[in-house]
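User: I am new to this structure and would like to go through it in questions and answers. Please start with the terms.

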Amino acid sequence: MSDHPRVIVVGGGLAGLAATVRIAEQGVPVDLFSMIPVKRSHSVCAQGGINACNEVARQQGYSEWQHMDETLYGGDFLNHQPPVYEMTHWAPKIIDLLDRMGVPFNRTAEGFRDLRLFGGSLFKRTHFSGASTGQQLLYALDEQTRRYEDKGLVENYEFWEFLWPVLDENGVCKGIIAQDQRTMEMKAFRADAVVMATGGCGVIYGKSTMSVICTGAAAARCYEAGVKLGNPEMIQVHPTAIPGEDKCRLMSESARGEGGRVWVPRKKGDDRKPTDIPEEERWYFLEERYPKYGNLVPRDIATREIFSVCEEGYGVGGGRMAYLDITHLPMETKDKLAAILEIYEKFTGDDPRFVPMKIFPAVHYSMGGLYTEYEMEERKPVPGDKLDDVWGMKDGDPKNMMTNIEGLYAFGEVNYQYHGATRLGANALLSCIFDGLFCGSSVSNYVKDIEDKAADKPEALYQKYLDQEKAKIDKLISQNGKFNPYEIHARLGDEMTASCTVVKNEERMLQCYEALNEMKAQYKDLKLSDTGEYTNANLVFSRALGDMLVYAEAILHASIERKESRGSHFRSDFPDRIDDPFHKTAVVSYDVENDKPVLDWEEIPMPMVELRKRDYSK
Amino acid sequence: MSTKTFKVKVKRQDEAASASYWQTFDVDYTPNMNVISTLQKIAAKPVTADGKDVAPVVWDCGCLEEVCGACTMVINGRACQACSTLVDELLEENPVIQIEPMSKFPVVRDLWVDRSRMFNNLKRIKGWVPTDGTYDLGAGPQETQEEQDLRYAYSRCMTCGCCLEACPQFTKDNDFMGAQSFAQTDYFNSHATGKLLADERLDVIMGPGGISDCGNSQNCVQVCPKELPLLTAIASVGRQATIYSIKRFFTGKK
C-alpha cells in the first residue's frame, strides 16, 4: 500500500465505517482502528430507525425543511443550523444508498420501504428494519468496508486501542499512538488525517444503555491533547430502559412509535399486577399532559415526566419504575418489535406481549462532544424550504467537522454537532452516517492536497509520543497504591448519575465536584490487580478511568456554568431557558497545567430558523 | 447481615500457548445477576475461594444486550452469551456455575477467544452487495415483505459462533466454514443486486471446507441465539450449488 496519503479512522461504528467506505472509495487508503471487531460496535444497539423525509410524508405536507425544523426545535436551538440543513436534505439519499447496500428495511404491502412514527414529529418519517435497525445498518457498512479490505484499501486494526493523537511542531495531527489490547504492543501510526469516530461516553455514568467500550476515553484523550469540547453538559437520558445489574438495557422508542403507551397506577403505591389494574385506574400521564405528541414527546421531556411521577410516589409499587405497555397492539405490530421484545423477555422473564414492561430512564447518548467546525455555503432552496436564503455545508470542504486541531476530525456521536440540547429519536443513525459520507470527502480532499506529508515526518516525533504513553503505563503498573479502579468507577457512576442527569442543581453538582477531586486524588494512588504485559484488561480499564475522570469534570463544569434549562439540561434552580446569555455553545478546553476545564461561551450563528419557545404540550 | 454467595468455576489460560487450569471464586449474590455482572465482580476483587490473590479473569464483551455477539462463552456446558445468561437460572441447574472459553477457537486469554476465522470467511464468500459506490443513484431493488422477512432473519446473525461451537464438523484444525457462512451466502444470494456475485460465492461454497462437508447434525439451528433459519440456509445453498454445478458442467466453466 502506498504511504501517502493515508488516513486513520478511529472507531468502527456507523460514522467510522461510513467514513472509511467514502474515503477508500476516493482511492485513499484507510487504517481502521477499533477496540473490538467493527461488526460489534455500539451502533448495533440502535433499535428504532433512521429519519428521512420520504415521498409519502412529503405528499402529506412533510419536507426536509420540516425535518430540519423538528431537529432544531427538539434540540432547543442549540444546534448550528447549516449542518442540520445539510443533513436533513441529504437524508433521503442516505436511505436510498443503504437500501442499495442491501439493508433489509421493512416493506409495505406494495414493497416500498415502510415507515413508523417517532418522537418529536407528527409525521411518519422513520425508516426501520425490525427493531434492530442500527445492527442492520452497521452490518451493511461493515460489508462494504470488508469489500475495500479485500481490495487492499482498508487495513483493519481490530482490538487496537487509540491512546493519543500525534501532533507535529505546528500542532497539526499526523497520526496516532495505539496499543494492541491482546499482545499489549504499542505503536505509532502515521497518517495525514485522523478521524475520531469513537462514540459516546455513557460509561462515565456507570450504568447506561451504552456498550462497555463507550467510556469516552478516546474523546477525553483528544481533549487532554488540546481538542476543545462543545456542550459536554448535553447528555441524553433515554426514558425507557430496563435497569440491570451490569447495565441498563435500551427499550426502543419504536415501542411507543408503534403505539406503546406509558402509564403508572393512579393510586400511589398500588402493588397489584398491571393486568389487574383496570383502564380507569391507569394514569397515562404523557398523553394527558401532551395531547398532540402523547407518548412521542422528545426524550428529555418523557424522561423528566417519568422521573417526576416516580419521585411523587406514583411509580410501580411506589418504586422507580413506570409501565411501557404494548399488550393492546395487534400481533403483526408486535412482530415488528420482536428483536426488543425478545430481549426484554430474556432478561426479565416476562413476555411483554402480554405483560406491560417495567422501565426507567437511563443515560443513553452524548449530544456534546469534540468541538468541530465547517464551511457554510448558500444553497438554492428546494421545494419545502421556507426561505429563499438557505445555508448548508460546502460539499467536500476540508474544514467540515475538523476539530480545532488541523488534520483531526470528529464524526458521529463524538462530534458535538447536529443535535443541540436534545437529540430526536432516529436522528443518531442519520447523523453518524451523514458525517461519514458527507465529511468523508472533506477528509480525502484535505489529504490529497497536503504538502507536509506524514510520511516525511521525523521518527523522533512519533517516538516522543510513544515514550509519553509508555511512561503512563509504567506509572500505572508500578505505583502499587491503595485504591481499586473498579470501586472508583462505581462511585464516579453513582455521583454523576445522581448529580448530572435528569434534574441538576448547583448544590448537588458542587458536592459531585468535591467527590470528583477526591477520586482524582485516589486515582493517583491506584492498585492494579494485573501488572502483566499480556492482554491486561485491568490496565486498559484503569487507564481509561483516568480519562473518564477528566471528561466527567468537563461535563460537570459546563453543567454548573450553564445556569438555565435547555433540552436535556434541566436545572431545578434555573428552570427556564435563558437565551441571553445562554443561547451559546459551551466550548470547554483543557488547562493542562492546572488539570482543569476552562469554559468559553461561543455565539451560535442563526442564519435561518428564528428561536421560539419549545413547548410540546399544545 | 450475612451475604449469600455462590461458586463460580472458571477455566483459565494465561496465554495463547499455555495450558489451561481451573479456578473457583465465591461471588456475592444479588438478585437478577447475569454472568457478565458475575465476571465484573470477580474482576473487581480477583481472589479465589481459597483466598488466593490472582490475576483478574479476562473476557470479551460489548453491548451486553445480546446483539453484538462478543461475550459468547461456554456456560454450564452450553455455548451462549454471558450477558443474557442469568445467574438464578444457572443456580437452579447446579450450585456451581462453570464458565469456559469456546473450544473451537484459539484462546487469547482466559475466556477471550479469537474468532477472526468467522470474519475471514465473510470475506471468502464475498459477503457484500456489489454496489456502484456511495453516489446518489436512487433506491435499491424493491422487495416484498416476505422476502424482507427471510433476509432480516439472516441479517440478525451477530457472528457469535454458537453454531460453530456446536457443530461436530467444525474443528480448530480444519477449514470447514459452517452454518454462519452458509446463512450469509444465502442472505446475499437472495438480494437482487447481491445475487450478481452468486456464482463466485458458490465457487467458494463448493470448494474445500464448503457445503459438502456439512454432516447434517442440525446442532447449529438448536443453539443459535437469534433463531436463524440455518437449516433453510443449508438446504437452499446446497440446492443452489447443485444447480450451479450442472450449469458449470454444461457450460464448461471451471
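Analyst: Two residues are in contact if their C-beta atoms, placed from the backbone, lie within 7 Å. This is a predicted model, in which local features need pLDDT of at least 70, side-chain atom pairs count only at pLDDT 80 or more, and totals for chains, interfaces and linings use all residues. Residues are numbered from 1 along each chain as its sequence is written, while chains are lettered from A and ligands numbered from 1 in the order in which they are written.

User: Leaving aside neighbours within four places in sequence, which residues is A:Met196 in contact with?
Analyst: A:Met196 is one of the residues with the most contacts inside the largest nonpolar core, along with A:Val195 and A:Tyr409. Leaving aside neighbours within four places in sequence, its contacts are A:Val10, A:Gly11, A:Ala218, A:Ala219, A:Cys222, A:Leu370, A:Leu408, A:Tyr409, A:Ala410 and A:Val414.

User: How many residues does the largest nonpolar core have, and which element gives the largest share?
Analyst: A nonpolar core is a set of buried Ala, Val, Leu, Ile, Met, Phe, Trp, Tyr and Cys residues joined through C-beta atoms within 7 Å. Buried means 20 or more other C-beta atoms within 10 Å of the residue's own, exposed means 12 or fewer, and partly exposed lies in between. The largest such core has 272 residues. Its largest share, 14 residues, comes from α16(A).

User: Which element of chain A gives the most to the side that touches chain B?
Analyst: In this interface, 57 residues of chain A are in contact with 55 residues of chain B. Helices (H or I, at least four residues) and strands (E, at least two) are DSSP runs, numbered from the N terminus. Elements giving two or more residues to the chain A side include α1 (14-25), α4 (81-100) and α16 (537-561). The most, nine residues, comes from α5(A).

User: What is the strand order of the open sheet of three strands in chain A?
Analyst: Two strands pair if DSSP finds at least two bridges between them. Two bridges join β4(A) to β5 (residues 126-127) of chain A, and these strands run antiparallel; A:Arg116 has A:Thr126 as its bridge partner in β5(A). The edge strands, each pairing on one side only, are β3 (50-51) and β4 (115-116) of chain A. The order is β3-β5-β4.

User: How many helices and strands does chain B have?
Analyst: The C-alpha trace of chain B spans about 75 × 40 × 35 Å along its principal axes. Of its 254 residues, 50% count as buried. The count for chain B is nine helices and seven strands.

User: What separates the centres of domain 1 and domain 2 of chain B?
Analyst: Domain bounds come from an automatic or database domain assignment, which for chain B gives domain 1 (5-113) and domain 2 (116-251). Between them, 13 residues of domain 1 of chain B are in contact with 14 residues of domain 2 of chain B. Strand β4 (residues 78-81) of chain B gives the most to the domain 1 side, with three residues. Taken over C-alpha atoms, the separation of the centres is 31 Å.

User: Is B:Ala183 buried or exposed?
Analyst: B:Ala183 is found in helix α6 (residues 179-189) of chain B. Leaving aside neighbours within four places in sequence, B:Ala183 is in contact with B:Tyr154, B:Cys157, B:Leu228, B:Leu230 and B:Ala233. Because 26 other C-beta atoms lie within 10 Å, B:Ala183 is buried.
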